[in-house]
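The coordinates are shown below.

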Amino acid sequence: MLELKHIYKTFNPGTVNAKTALCDLNLTLSEGDFVTVIGGNGAGKSTMLNAVAGAFSVDEGTILIDGQDVTRLPEYRRASFIGRVFQDPMMGTAATMQIEENLALAARRGQRRGLKWGISKTERGDYRELLRTLDLGLEDRMTSKVGLLSGGQRQAVTLLMAALKQPKLLLLDEHTAALDPKTAAKVLALSDQIVEENHLTTLMVTHNMKDAIAHGNRLVMMNAGKVVLDIAGEEKKKLTVEDLLERFSAASGGEMLSDRAILS
Ligand SMILES: Nc1ncnc2c1ncn2[C@@H]1O[C@H](COP(=O)(O)OP(=O)(O)OP(=O)(O)O)[C@@H](O)[C@H]1O
């Protein structure tokens, strides 16, 4: 479903600020894989997601989605088959627009301009049902401006929007990191539900080791721009945070994970 082959990316090449963020990165996801991604600060996690989304072009390597070579495809053209939720709850939704307008925008993504903008009765009914699945009471506030919602409510709506067009890939980039622990747990549970119901192939970056272990069917650890650990299935289910720290240290030549990852 997703194949990253020998990906390299250096920012500011040839300058004193040159930084190699991805260095022979290889990762293959099967259809329906839900992969959690963990690693220290600067390991290249967000850069990997950005490379998949097409936020910049990579220096070397190939990116295939569903067998199609998208390496040179611009971000706006990949957007029709990639759903994405960022850390900042302000990013995925338009604050000054209503909840239903935001959903309609997401539903029309990738369509040609010139279509009538109005939201039909059927669409409104569909959105109400979708919002009901969040169990946050938002189905009764469909004409509220999104800017009035809490961070957790906004991330929940962003998740719905990201999944609305049944993307081939869902990218979650620390999407609960800015939320309080209780809300983060709720949004994570919701992510599980949405991924499962829509059978989405998913990459989820997190700094929280427990979350990385508890969610998804596969866990990948990155260090210095490449994957250093890849644990799936039964082996992943039995993992503990201590195992993970030990294995990370062994796989990355004795390096320790950042405090932020250990303490969370
Ligand atoms: N646009 C950019 N310009 C220059 N350097 C960048 C850019 N984006 C990322 N980097 C650098 O690339 C490296 C990898 O960054 P990245 O954000 O992918 O790491 P990460 O694993 O997501 O880290 P964190 O957990 O701290 O968010 C870092 O050293 C970072 O400073």
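In which strand is the place of Asp24? Asp24 lies in strand E2. The model is a predicted one, and in it Asp24 has a positive phi of about 55° although it is not a glycine. There are 14 other C-beta atoms within 10 Å of Asp24, so this residue is classed as partly exposed.

Strand E2 belongs to an open sheet of 4 strands, whose order is E2-E1-E4-E5 and whose pairing is antiparallel. The edges are taken by E2 and strand E5 (68-69); each has a single partner strand, so one side of each is left without a neighbour in the sheet. Helix H1 packs on this sheet, where it touches strand E1 (2-11), E2 and E4, and its direction makes about 65° with that of E2.

Within the sheet, E1 and E4 run antiparallel and are joined by 5 bridges.

Strand E2 (19-29) and helix H1 (45-53) each supply at least two residues of the shell around the ligand, and H1 gives the most, with 3 residues. The residues around the ligand include Phe11, Asn12, Lys19 and Ala21, as well as Gly42, Ala43, Gly44, Lys45, Ser46 and Thr47. By class, this shell has 3 nonpolar, 7 polar and 2 charged residues.

The other sheet to consider is an open one of 6 strands, with the order E6-E7-E8-E3-E9-E10 and mixed pairing. Strand E6 (82-85) and strand E10 (226-232) stand at its edges, and because each has a single partner strand, one side of each is left without a neighbour in the sheet. On average, neighbouring strands here are turned by 20° against each other, direction ignored. Strand E9 (residues 218-223) runs antiparallel to E10, with 6 bridges joining them; Met222 has Val227 of E10 as its bridge partner.

The buried residues of H6 are Ala184, Lys186, Val187, Leu188, Leu190, Ser191, Ile194 and Val195. An α-helix has 3.6 residues a turn, so residues three or four places apart point the same way. The list of buried positions includes Ala184, Val187, Leu190 and Ile194. The buried residues of H6 pack against strand E3 (34-39), strand E7 (169-173) and strand E8 (201-205), and also against helix H4 (121-134), helix H5 (151-164) and helix H7 (209-214). After H6 comes His199, with a positive phi near 50°.

Is Gln166 buried or exposed? Gln166 is exposed, because 11 other C-beta atoms lie within 10 Å.

Terms used:
Residues numbered from 1 in each chain as written. Predicted model: local features only at pLDDT ≥ 70, side-chain atom pairs only at ≥ 80, totals over all residues. Buried ≥ 20, exposed ≤ 12 C-beta atoms within 10 Å, placed from the backbone. Contact = placed C-beta atoms within 7 Å. Near = placed C-beta within 6 Å. Nonpolar A, V, L, I, M, F, W, Y, C, P; charged D, E, K, R; others polar. Pairing = 2+ DSSP bridges. Axes fitted to C-alpha atoms, helices over the stretch in contact; angles between N-to-C directions.
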